[in-house]
Every structure is written in C-alpha cells, then in structure tokens.
Amino acid sequence: MLQQYEPTQIARWLEEKLLENFGTDPQTATPKQIYKAVCYVLRDIMSELWLVNHNIADSHRNKQVYYLSMEFLPGPSLKNNAFNLHLEDAFRQALASIGQDFARITAMEPDAGLGNGGLGRLASCYLDAIAAKGMAGHGMSICYEYGIFRQKIEDGEQTELPDEWLNMGDVWLITKEDQTEEVHFGGKLEEIWDANGRLRLIHKDYTTVLAVPRDMLITGYDSDVVNTLRLWQAKSPITIDMKLFAEGKYLQSMEEKHMAEVISKILYPEDAHTEGKLLRMKQQYFFIAASMKSLVKRHMMKYGTLDNFSDKVAVHINDTHPTMAIPELMRIFMDEYGYEWDQAWDIVRQTVSYTNHTVMPEALEKWPESLFKETLPRLHSIVSEINRRQSVDLMKTYPDNEALRRDMAVINNGELRMANLCVEASHTVNGVSSLHSGIIRDQLFAGFSAIHPEKFTNVTNGIAYRRWLCQANPELSELIVSLIGPGFKKDAMELERLMAFTEDRGVFTRLEQIKRRNKERLADYIKEHNNIMVDPDSIFDVQVKRLHEYKRQLLNLLHIIHLYAEIKRDPGADIQPRTFIFAAKAAAGYYMAKQIIKLAYHLAQVINNDSQVNGRIKIVFLENYSVSLSELIMPAAEISEQISLAGKEASGTGNMKLMINGAVTLGTEDGANVEIHRAVGDENIFIFGLRVEDVERIRREGSYSPFRLCQTDGDVNEVVQFLSQGVNGQYFSNILNALTTGYNGCADPYFVLGDFGAYRDAQARAAAAYRDRDRWNRMSLINIAKAGIFSADRAVQEYADRIWHIEPLK
Ligand code: 26W
C-alpha cells in the first residue's frame with residue numbers, strides 16, 4: 001500500500017526546498033523555483049521508495065533486467081510520477097495553499113527528449129510498466145546534454161535548434177559521482193603469458209573517459225517499486241592541461257576535456273538511417289561499457305561470484321545500438337575475472353536477448369572493421385573470435401551455401417554486422433508485431449531461424465496507457481470510470497467491459513462531447529502556434545510520427561490534392577469538412593523528408609487560403625512534435641493515419657495511442673495495424689492497400705510502373721499534374737521524379753501511386769461513416785474497448801515470462 005501524504009505536509013516540504021535550494025519562500029519564489037521545489041519534494045518521496053529495494057546492498061535477491069537503449073523518451077515526468085504514486089491531489093492542494101496552480105507548474109517541465117521516436121518512447125513506456133508490475137528492471141543510456149533537436153519550420157523549411165533540456169529537466173537527475181566508471185578507447189593490445197602460463201591480452205596506451213552516472217527514478221502506477229534509469233555522462237579525467245595553458249595554448253589545453261565530453265553531448269537525430277560515424281560508435285561503447293562494468297561490480301558485491309550471473313541478471317539489447325555489450329561482457333569475464341572463453345560465452349548467451357525494431361536496410365548497423373579495430377582493439381579481437389567460431393559452425397550447417405554463410409557472418413567484407421552478432425549471441429530474438437516477427441524470422445534472419453527456431457519469438461509492442469489515456473485524456477478516463485469503475489487503471493483488459501455500451505446513445509453523446517472539448521483544446525493550440533483557425537466540426541484526421549518515405553506522409557498529401565481538385569471542379573460539392581493534422585521531424589540530413597515537409601507547408605498555404613475551399617479542408621503542420629505535444633493531439637484525433645507500405649513499419653505505437661483515445665484507424669495491413677484490425681473487426685477500421693505478399697510479388701515480377709499508372713489512372717494523373725505545375729510558386733521536381741521516373745531506376749519505391757486508388761476509396765468510406773454519428777461513436781467506443789491488449793503491462797509481462805524470466809519483487 002503506497003504511503004499517502006497530507007497536503008499540509010507537502011506544503012511544509014515545499015517551503016523547506018525553496019529555502020534550502022533558493023533561499024526564498026513561497027511568497028517570493030519564482031514559478032521556476034516553485035516548479036523545481038515541487039520536483040525535489042516528489043523526488044525525495046521516490047528516493048525513499050527506491051532505497052527500500054535498490055540500495056547498494058540490494059536487499060532483494062530477485063533476478064533483474066537491464067534494458068540497454070541508446071534512446072529513452074520519457075517526455076515530462078512530474079504529472080506521471082504524481083499520478084503513479086496517487087499524489088496528484090495532495091500536490092494540487094499543497095500548491096493551491098500557496099497560491100500556485102499544479103497544471104501551470106507541470107506545464108513548465110521540458111520534455112526529456114533523449115530519443116528520436118518509436119524505439120525511445122517504447123523503452124520509456126516499458127520502464128513505467130516494469131515498475132507498475134513491481135519488477136526490478138532498470139534502463140541504461142546516455143545523459144545527452146542536448147536531446148532531440150527543436151524543430152523550427154520557416155517558409156516550409158525545417159531547421160534544427162539545440163534542445164537545452166537540462167536547465168529545467170535536471171531536477172530528476174541524481175548524480176552518483178561515487179559510482180563513476182572508466183571507459184577506455186584506442187590504444188593497442190599486448191600479449192603476455194600470465195603466472196599460470198596462460199596467454200593474456202593486455203590493453204595499453206588507451207585514452208580514458210570517465211562515465212558519471214546520473215540516475216532518474218522510475219515510478220509505476222500504484223506500485224511501491226521504484227526503479228532506475230541510469231544515464232551516463234562523459235567527463236574527462238583531465239580538466240585542463242596546465243602546461244599547454246602556460247604556453248598560451250588555451251584551446252589546446254582544454255582539447256582532451258572537450259574530446260571526452262563530446263561523447264555525451266548530443267543525441268544523433270537519425271531514426272532509421274545509420275551514419276556509421278566514429279562519435280556514434282564511441283557513444284555506443286561508452287554507455288554499454290560503463291553499464292556492464294557497473295552491473296558486474298554490483299553483482300560481485302552482492303553474490304561474490306559471476307557463476308550465477310545469468311540467473312540474476314537479464315541484459316536486453318534494444319535494437320543493435322547496444323550490441324557491443326556482448327563482447328564487453330566477454331572481455332570483463334575473461335580479462336577481469338579470468339573466465340575461460342567457453343564458460344564466459346555460455347553465461348553471456350544465457351544473459352542477453354535482443355529486440356529488432358526495423359527491417360529497413362539503411363537502418364541495419366554495419367561498422368567498418370578497421371574503424372572498430374582502431375577504436376576498440378580488445379573488443380575487435382573478441383568479435384573476431386566470435387566470428388571465427390561462427391564460421392566453423394556455419395560450415396558444418398551450410399557446407400554448400402557460401403552465399404548464406406556470407407550473409408549470416410558477423411564479420412564480412414571488412415564490416416561488422418551488428419544484427420548478426422546480436423542473433424548469434426542472444427538466447428532470444430524478437431520482433432515487435434506478429435507480422436514483423438514473421439518477416440525477421442523468415443527473411444532477415446532466415447539462416448539463423450532454420451538452425452535455432454526456438455530462439456525467435458514475438459512480443460507485440462505496448463504503450464503506457466495510463467499516460468496516454470488517464471493523464472492525457474482525463475475526461476475520457478473519468479467517463480470510463482463512471483461506466484466500468486477504476487479497475488482498468490490497473491488492468492487494461494477491463495476496458496473490454498465497455499462493449500456493454502455499444503448500443504448506448506447516452507454514452508455516445510458523452511463520448512462525442514469529450515472528443516469535442518479535446519478538439520477545441522487542440523484548435524486553441526493550433527490558433528496560437530500556427531495562427532490557423534480550424535473547425536472543431538471538421539474531422540480531425542491525424543498523421544503524427546517521424547517523417548520518413550516509408551510512412552508515406554506523401555500519400556496523405558496527394559490525397560488532399562485530390563480532394564482539392566474535386567472542390568475546384570465542383571465548388572458546391574457537399575464534402576465532409578476535414579482538418580488534416582501533421583506533425584513530424586525529419587532527420588537533419590534527410591533531404592527528401594524535408595522536401596515533403598516543404599510540400600505540406602506550401603499546399604497548406606494554397607488550400608487554407610482558397611476561398612472556394614472556404615475552410616472545408618485545412619492542412620495544419622504542427623512544429624516540434626514531442627511527447628508532450630502528442631499528449632495534446634491524441635485525445636483530439638478522430639482518424640488515425642497508419643498508411644505505411646505493408647512490410648515496412650515494424651509495429652507502430654502511435655496507432656495504439658490514437659486507438660485508446662477513440663480514433664478510428666485508417667491504414668494498411670502493416671505492423672501492429674494487423675493486430676488492431678483483428679481486435680476491432682472489419683467494421684471498426686478502414687483497411688486498404690497492397691499486402692506484404694502483394695508487394696513482394698510485384699517486386700519479384702518487376703511489374704510495377706508508376707509511370708504507366710499516371711497514364712492509365714485519371715486521379716493519379718491529376719495529382720501528379722498538379723504537383724508538376726508547382727505549389728504556391730514552389731517546384732518539387734525531386735518528389736515528382738522520385739514518384740515517376742525514380743533515381744537509379746527505382747521509381748516510387750514505396751508504392752505511393754500504387755496504393756493511391758485504394759487509399760482514396762478508404763478515405764471516402766471513412767468520410768461517409770463519419771456522417772453517421774451513432775455508427776462513428778460506436779466504432780470509436782469499440783476501439784477504446786479493444787485497446788487493452790496494447791498495454792505495455794501486457795508486453796512487459798510477456799518479456800518477463802518468456803524472455804527475461806523475472807518476477808515481481810514482492
Ligand atoms: C542507427 C540509426 C537508427 C536509429 C533508430 C536506426 C534505427 C532506429 C530505430 C530502430 C527506429 C525506430 O524507432 N523504429 C521503430 O520502433 C518502434 C518501436 O518498436 C516501432 O513501433 C516502429 O514501427 C519502428 O519504426
């Protein structure tokens with residue numbers, strides 16, 4: 001039972017914090033000081049809970065999972081932590097007692113944006129669910145000084161601005177200087193024979209970077225288990241070179257310091273395109289080396305041996321970015337604790353598991369062997385040995401299939417294939433939706449799954465629905481409580497009980513009113529930030545996710561051009577008013593993605609100001625998509641655009657957040673859309689387009705000709721013509737060429753024109769359904785009722801039972 005605190009007690013602690021940290025009192029404190037004091041008080045309450053289970057001695061003897069990820073996307077934490085510990089009301093009253101408004105204080109918190117998109121947010125949703133389930137599970141990552149860039153769009157051009165989150169966001173960070181670790185880069189290996197006549201490889205002349213842990217505490221709903229998100233900050237052992245300074249070489253004297261600290265300076269803004277940059281490699285090794293050293297040290301302190309390591313520790317590798325944890329564990333076991341190769345390898349294989357989040361070739365990490373060897377010589381020697389042993393096994397298994405052996409090799413053609421290393425070493429490999437898991441088992445890792453089919457499994461993604469429903473959409477949450485009680489806050493499957501109301505017009509009306517108010521709230525934000533008046537009576541059609549060609553924001557835009565052409569053809573046409581809401585960041589170096597943002601902007605200029613359209617369709621591109629902006633958009637959405645080319649979106653999680661907020665999915669049979677379709681049934685979703693097998697067949701046949709489509713399909717021709725004439729005075733010949741003629745002979749690789757007709761028809765079906773309010777509200781209610789399965793609680797329970805083998809602490 002979670003301890004509760006009186007608002008008066010909270011108010012007293014607030015006063016103490018203001019005095020202690022800012023030498024001020026509630027009457028004279030600035031809102032910023034109040035905000036920080038509130039976070040410090042809550043953090044202390046969380047620390048006390050943390051100490052119960054996780055103090056150095058670690059009172060419990062349970063197996064724990066360490067979730068390694070280059071990215072976490074917590075977003076704002078204050079409201080979530082207060083909600084999880086049932087302290088929202090106490091803080092609201094305590095603040096009211098000193099004339100402050102809790103909502104205004106929570107709005108001051110910057111997002112902790114230490115991630116790009118789906119992968120990072122999923123990691124944060126999972127940490128929340130692990131704590132809610134009362135299990136010991138900790139995140140490990142980098143304390144980026146600058147998170148995901150702030151997006152500015154001027155005249156359709158995206159620019160990236162630094163995200164200085166720490167000045168307000170550091171309130172949650174507890175720096176543990178005493179647990180600083182050393183990480184070694186470069187240098188060389190020297191062979192020596194040790195006292196017991198064994199060959200030893202000694203790492204020498206390396207550069208040292210210090211890794212200082214900054215811990216964020218992770219709460220869970222109605223749970224007294226508080227876990228850790230450990231964020232490593234890079235520091236130089238040398239602050240300044242006095243000799244160089246004395247010689248007036250001021251910048252040089254600081255060079256070593258900056259070279260070290262740049263490692264945790266900034267998050268790489270690529271979200272599905274590996275750059276292969278040296279700094280990125282150093283970032284990956286930095287955080288996994290510090291993480292592995294610290295958790296091995298902790299285990300030794302607790303158990304005095306590593307023989308039981310895999311019984312007590314599960315290490316989960318979130319996509320390939322933390323793969324180096326595998327050879328690093330081998331290094332620690334062999335070089336620091338004297339284990340033989342086979343023993344070390346057995347323990348490591350029973351400890352690590354890997355989740356793949358994408359099949360996009362350009363996102364699969366391959367490191368140049370030379371760069372890897374130069375930067376991490378000891379790890380290179382270990383990976384080479386893993387590769388040598390693998391090739392011996394493969395020769396036995398696939399003696400006549402050299403091509404397959406080459407494809408599966410950890411090292412080949414001067415490259416380290418990180419995904420192959422993960423599969424070779426992990427006891428379990430999973431995808432993030434049943435369709436995706438099938439694709440990686442039967443295609444990407446076919447050679448491996450043929451040998452070890454038992455290693456491959458699926459865990460469909462889930463979301464922290466208490467954040468995305470209960471906190472982001474409190475009115476809907478209250479309606480649900482009034483209909484089925486509060487039990488769904490602990491067990492999302494209880495939402496199924498809403499199926500009892502699918503013929504209840506009273507409930508439909510309340511559902512519609514709540515959606516309406518959420519739309520008005522978003523409309524106010526759009527007015528303030530984009531200076532666009534949107535009509536709350538129009539359909540709020542939402543596509544919010546990273547900008548990527550495979551997600552096909554372009555298909556959405558081409559359909560809007562089609563609607564616009566229809567209106568221009570027949571201005572009196574009775575069309576259902578629609579507001580198309582986009583939000584998406586493009587990776588800084590992703591030219592085509594930025595062009596698509598530009599097209600959306602200029603199309604909006606034309607359509608939003610066209611008197612013949614007269615506001616019946618509007619386009620809004622919201623800047624700087626983030627967790628907190630997403631919490632405002634999801635409750636207001638009615639149509640959820642999930643229109644990626646089948647086989648490309650591993651799962652999607654925005655689709656789940658929109659579903660649980662009563663939006664109806666309009667999408668392809670891709671990723672988790674397939675499971676959403678299965679959950680709600682054909683009549684409560686709008687599915688369209690090519691299936692995975694269609695895409696594969698057409699590719700195999702080479703029968704796809706977007707150019708011919710422009711000749712044969714009038715609507716396709718019309719939108720392509722429209723584009724070719726320029727939009728708002730801007731020309732998009734690159735988009736046009738990519739669609740029609742293509743670069744290196746591959747036109748329209750994501751079948752935007754190929755799926756256009758089916759998409760147009762699905763959109764028409766949705767518009768027609770929307771007019772029938774009872775039908776629409778029933779569809780909306782059924783989507784909410786069927787969303788329980790997409791809870792992160794369900795997903796982490798699957799990981800705990802089938803992959804990590806961990807149990808609740810008490
Ligand atoms: C090396 C650059 C890089 C950075 C991030 C490559 C790949 C990534 C991530 C794996 C991309 C990502 O976020 N993938 C998304 O993961 C979500 C969580 O599983 C899925 O729901 C999305 O479908 C998938 O695109």
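Helix H6 (residues 118-132) contributes 3 residues to the shell around the ligand, the most of any element; helices are DSSP runs of H or I with at least four residues, strands are runs of E with at least two, and both are numbered from the N terminus. The model is predicted, so local features need pLDDT of at least 70 and side-chain atom pairs count only at pLDDT 80 or more, while totals for chains, interfaces and linings use all residues. Residues are numbered from 1 along each chain as its sequence is written, and side-chain values use heavy atoms, without hydrogens and water.

The shell holds 22 residues, and the closest are His357, Asn461, Glu649, Ser651 and Gly652; a residue is near the ligand if one of its heavy atoms lies within 4 Å of it. Because domain 1 (55-76 + 111-426) and domain 2 (465-690 + 756-786) both give residues to this shell, the ligand lies between them. The domain bounds come from an automatic or database assignment.

Polar contacts are pairs of N or O atoms within 3.5 Å. A side-chain N or O atom of His357 is 2.6 Å from an oxygen atom of the ligand, and a polar side-chain atom of Glu649 also lies 2.6 Å from a ligand oxygen. For Gly652, a polar backbone atom is 2.8 Å from an oxygen atom of the ligand. The protein covers 96% of the 570 Å² of accessible area that the ligand has on its own, by the Shrake-Rupley method with a 1.4 Å probe.

Thr653 is in the loop between strand E23 (639-642) and helix H26 (654-660). Thr653 counts as buried because its relative accessibility is 11%, under the 20% limit (1.4 Å probe, protein chains only).

Conventions. Buried < 20%, exposed > 50% of the residue type's maximum accessible area, 1.4 Å probe, protein only. Polar contact = N/O pair within 3.5 Å; in protein donor to acceptor, adjacent residues only side chain to side chain.
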